[in-house]
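This report goes through one protein model, from single side chains to the whole chain. Keep the sequence and the 3D view at hand while reading.

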Amino acid sequence: MEILAVDHPLVAHKLTTLRDVSTDSPTFRRLADELVTLLAYEATRDVRVTSVTVETPLQPASGVRLARPVPLVVPILRAGLGMLDGMTRLLPTAEVGFLGMIRDEGTLQAQTYATRLPDDLSGRQCYVLDPMLATGGTLAAAISLLFDRGARDVTAITLLAAPEGLAVLEDSFPESTPIKVVTAAIDERLNENGYIIPGLGDAGDRLYGTA
């Protein structure tokens with residue numbers, strides 16, 4: 001598994017404001033959107049392309065276009081929705097699927113309550129969006145589902161990751177499995193309730209409120 005914590009001053013600046021308890025929901029949503037676009041730039045360095053030739057106003061020119069099948073972007077509901085616009089802004093031709101998953105706060109295990117994905121993902125590159133990689137159970141379950149449907153490789157994009165969650169992901173898949181995690185920062189640890197420390201709180205609540 002490849003892990004990339006993006007080291008960039010703009011990423012650090014936006015993440016600092018996201019952490020701040022005084023940041024209101026509208027500002028949090030805007031900054032999360034901007035931060036995801038920066039992370040997506042790094043996450044798509046290995047996106048598959050095909051060579052093409054186009055006509056400029058002066059002469060033919062060689063270039064590339066995204067290969068088919070186009071990438072699939074998969075936000076994990078609900079908090080992952082706050083990352084979708086930032087991702088599709090960079091990949092407007094990508095298709096979008098949805099996974100509804102929730103963590104049982106007693107067992108800390110992920111449960112799937114909704115799935116809107118193609119049955120056959122053969123050869124697809126998939127980008128999973130989930131703000132917090134905490135215990136790792138939700139992402140591990142989501143990635144397993146995508147590979148079970150034939151995905152070619154999977155990249156998870158998160159705002160924050162905990163060492164414990166990264167270890168769970170590594171232990172959940174063979175070494176040869178093509179998985180990449182791109183995050184704005186790897187924090188210190190999880191607390192006794194499975195929250196990332198120092199973290200930024202509950203990302204879903206901070207994006208949308210507690211309703």
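K14 is buried, with a relative accessible area of 14%. Here buried means under 20% relative accessible area, exposed means over 50%, and partly exposed is in between, with a 1.4 Å probe and protein chains only. The model is predicted: local features need pLDDT of at least 70, side-chain atom pairs count only at pLDDT 80 or more, and totals for chains, interfaces and linings use all residues. Residues are numbered from 1 along each chain as its sequence is written, and side-chain values use heavy atoms, with hydrogens and water left out.

K14 forms a salt bridge with E34, and the closest N and O atoms are 2.7 Å apart. A salt bridge is a side-chain nitrogen of Lys or Arg within 4 Å of a carboxyl oxygen of Asp or Glu. K14 belongs to helix α1 (residues 9–19) and E34 to helix α2 (residues 25–43), so the pair links distant parts of the chain, 20 residues apart. Helices (H or I, at least four residues) and strands (E, at least two) are DSSP runs, numbered from the N terminus. E34 is partly exposed, with a relative accessible area of 26%.

## Other salt bridges

How many salt bridges does the structure hold? There are 11 salt bridges in the structure. One of them is formed by the side chains of D46 and K180, at 4.0 Å from N to O. D46 lies in the loop between α2 and β2 (49–55), while K180 lies in strand β12 (residues 179–183), so the pair ties together parts that are 134 residues apart in sequence. Is D46 buried or exposed? D46 counts as exposed, at 52% relative accessibility, whereas K180 counts as buried, at 9%.

Another salt bridge is found where the side chains of D119 and R149 meet, at 3.7 Å from N to O. This pair also links distant parts of the chain, 30 residues apart: D119 is in the loop between β7 (110–116) and β8 (125–129), and R149 is in the loop between α4 (137–148) and β10 (153–158). D119 counts as exposed at 68% relative accessibility, and R149 counts as partly exposed at 23%. Salt bridges that share partners also join E2, D46 and K180 into one network.

## Two residues and what they touch

E42 is found in helix α2. At 19% relative accessibility, E42 counts as buried. Leaving out residues up to four places away in sequence, E42 touches L4, V6, K180 and V182. Contact means heavy atoms within 4.5 Å.

I197 lies in strand β14 (residues 196–197) and counts as partly exposed, at 23% relative accessibility. Not counting residues up to four places away in sequence, I197 touches D187, E188, R189, L190 and N191. The C-alpha atoms of I197 and C126 are separated by 28 Å, and these two residues are 71 residues apart along the chain.

## Cis peptide bonds

Most peptide bonds are trans. A cis peptide bond joins R68 and P69, with omega about 0°. P69 is found in the loop between β3 (60–66) and β4 (72–77).

A cis peptide bond also joins L77 and R78, again with omega about 0°. R78 is found in the loop between β4 and α3 (84–90).

## The whole chain

The secondary structure of the protein comes to six helices and 14 strands. The radius of gyration is 17 Å, close to the 17 Å that the globule rule gives for 211 residues, so the protein is as compact as a globular protein of that length. This radius is taken over C-alpha atoms, and the globule rule is 2.2 Å times the number of residues to the power 0.38. Along its principal axes the C-alpha trace spans about 60 × 35 × 30 Å.

Buried residues make up 46% of the 211 residues. Among contacts between residues at least 6 apart in sequence, 72% join residues at least 24 apart. The protein exposes about 10,500 Å², of which carbon and sulfur atoms supply 51%. Accessible areas come from the Shrake-Rupley method with a 1.4 Å probe; for residues, only the protein chains shown count as cover.
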